[in-house]
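Please consult the sequence and the structure shown here while reading.

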Amino acid sequence: MKLTKNEYGRLAKLRSPNSKIYRNVPMAFLVGGLICVVGQVLTELYKAAGAEEELAGTLTSVSLVALSAVLTGMGLYSRLAKYAGAGTLVPITGFANAVVSPALEFRTEGYVPGVGAKIFTIAGPVIVYGLAASAVYGVILFIAQMSGAV
Amino acid sequence: MDDYLVYLWAFLAGGALCAIGQLLIDLTSMTPARILVTYVVSGVLLGAVGVYEPFAEFAGAGATVPLTGFGHALAKGVREAVERDGLIGCLTGGLEACAGGITAAVLSGLLAALIFTRGDKTAKLTG
């Protein structure tokens with residue numbers, strides 16, 4: 001097939017976003033899935049050590065957060081994120097990374113306006129809208145219970 | 001459940017939730033902050049309508065580790081608090097259920113700032 005330079009550019013543009021997706025999505029699946037498997041292993045270990053289901057879940061979250069904080073501090077989490085994309089963003093380790101990395105980056109601006117405020121750069125919106133949605137749900141649930149619908 | 005099946009389901013469910021996030025990034029150019037907010041609010045909604053709990057029962061950490069699980073925990077906490085204490089539960093249940101994760105993350109940030117001299121950059125996350 002013969003192509004002019006223009007046609008080639010157009011075709012390459014057409015293909016490239018797709019080929020990016022073909023690589024990114026499986027990588028996100030693989031890495032994100034593996035992080036969840038690590039979470040499952042931790043949960044089983046905590047349960048085997050005698051923790052109740054709910055406590056085991058909390059301990060797992062806390063452990064993953066701590067692990068992510070260490071990797072972020074060592075500058076390793078972003079290296080993984082470069083290949084894994086949403087696979088390192090969506091798990092709770094990504095949330096922790098979003099808390100720890102601004103804390104490190106803005107330390108030069110001081111511990112109150114830098115670390116203290118910038119910790120919530122991304123965690124803030126997540127907490128704000130998560131709490132708002134859950135409060136709305138609570139009000140609806142309360143009204144439904146009052147009116148005997150539930 | 002069979003020993004190895006819990007790990008398989010955790011992998012498949014967690015992987016699928018991350019793959020959806022990647023599709024959102026690649027197809028809609030949503031920023032990571034928006035993805036995380038979307039996931040948490042979706043988790044609250046799915047928890048509220050009662051589909052996340054059965055999903056979490058077979059997917060285990062594959063459902064609780066992704067940020068939708070954080071939203072589900074918020075909804076579950078509010079539901080339990082409203083059933084126990086009435087309307088005030090709307091304000092207390094969410095943070096009550098997520099206190100451990102949030103406090104751990106905040107303290108991790110503070111400790112990391114004290115310990116590490118340099119780390120990951122945030123530039124890619126914001127916006």
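## B:Val41 and its surroundings

Leaving aside residues up to four places away in sequence, B:Val41 touches A:Tyr129, A:Gly130, A:Ala133 and B:Gly71. The model is a predicted one. B:Val41 belongs to helix H2 of chain B. This residue counts as buried because 20 C-beta neighbours lie inside 10 Å, and the cut-off for a buried residue is 20 or more. From B:Ser29, B:Val41 is separated by twelve residues in sequence and, C-alpha to C-alpha, by 19 Å in space.

## The contact of chains A and B

Chain B contributes 68 residues to the contact, and chain A contributes 68 residues. On the side of chain B that touches chain A, at least two residues come from each of helices H1 (5–28), H2 (32–48), H4 (61–64), H5 (67–85) and H6 (89–115). The largest share, 17 residues, is supplied by H6(B). The table divides this side of chain B by residue class.

| Class | Residues on the side of chain B that touches chain A |
|---|---|
| Nonpolar | 44 residues |
| Polar | 19 residues |

## Helix H3 of chain A

Helix H3 of chain A spans residues 77–84, and its buried residues include A:Tyr77, A:Ala81 and A:Ala84. These three lie on the same side of H3(A), because they cover an arc of only 75 degrees around the axis. In an α-helix there are 3.6 residues a turn, so residues three or four places apart point the same way. After H3(A) comes A:Gly85, which has a positive phi near 55 degrees.

Methods. Residues numbered from 1 in each chain as written. Chains lettered and ligands numbered in written order. Predicted model: local features only at pLDDT ≥ 70, side-chain atom pairs only at ≥ 80, totals over all residues. Buried ≥ 20, exposed ≤ 12 C-beta atoms within 10 Å, placed from the backbone. Helix = DSSP H or I, 4+ residues; strand = E, 2+ residues; numbered from the N terminus. Arc of directions from axis to C-beta. Contact = placed C-beta atoms within 7 Å. Nonpolar A, V, L, I, M, F, W, Y, C, P; charged D, E, K, R; others polar.
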